[in-house]
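Dear colleague,

I am passing on the structure below, together with notes on what was found in it. Please read the notes with the coordinates open beside you.

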Amino acid sequence: ATGSIAGIVGAGGNTGAVAFGLGFRQLDYYQAFILMGSCIIASGVLSLFICIKGHAGLVTGQDSEEAIAAWKKLGAPAST
């Protein structure tokens, strides 16, 4: 069971798989799942603060004219 969990969590990179593999090896299951859940929740909350120049954030900002033009060129709906 821990191999599949490490595989799912490690899908973002080898570091995650190694970290959670070590977590399950060093901690009991309850503490390891609490650690894994806390890391996932924290990374989800922190993703709200990612800002890419020229693009709207998840909760604030507005797309630049270049980004809107690129969306229109691709035929995708632009968020304004």
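Of the 80 residues in the chain, buried residues make up 12%, where buried means under 20% relative accessible area, exposed over 50% and partly exposed in between, with a 1.4 Å probe and protein chains only. This is a predicted model, in which local features need pLDDT of at least 70 and side-chain atom pairs count only at pLDDT 80 or more, while totals for chains, interfaces and linings use all residues. Residues are numbered from 1 along each chain as its sequence is written, and side-chain values use heavy atoms, with hydrogens and water left out.

The chain holds four helices and zero strands, and its pattern along the sequence reads α-α-α-α; helices (H or I, at least four residues) and strands (E, at least two) are DSSP runs, numbered from the N terminus.

Helix α2 spans residues 14–26, and its 13 residues reach 18 Å from the first C-alpha to the last, close to the 18 Å expected at 1.5 Å a residue, the expected span being 1.5 Å times one less than the number of residues. The buried residues of α2 are F20, G23 and F24. They lie on the same side of α2, because they cover an arc of only 95 degrees around the axis, the arc being that of the directions from the helix axis to the C-beta atoms. An α-helix has 3.6 residues a turn, so residues three or four places apart point the same way. On the other side of α2, the exposed residues are N14, T15, V18, R25 and Q26.

F24 also belongs to a cluster with Y29 and F33, linked by ring pairs. Searching the whole structure gives two aromatic pairs, where rings of Phe, Tyr and Trp (its six-membered ring) pair if their centres lie within 6.5 Å, and planes under 30 degrees apart count as stacked, over 60 as edge-to-face and the rest as tilted. The pair of F24 and Y29 is tilted, because the ring centres are 6.0 Å apart and the planes stand at 55 degrees. The pair of F24 and F33 is edge-to-face, because the centres are 5.1 Å apart and the planes stand at 80 degrees. As for accessibility, F24 counts as buried at 10%, F33 is partly exposed at 40%, and Y29 is exposed at 54%.

V59 lies in the loop between α3 and α4 and is exposed at 61%; its C-alpha atom is separated by 6.9 Å from that of L48, 11 residues apart along the chain.

Lastly, I68 in helix α4 (residues 65–74) counts as buried at 10% relative accessibility, and the C-alpha atoms of I68 and G54, 14 residues apart along the chain, are separated by 9.6 Å.
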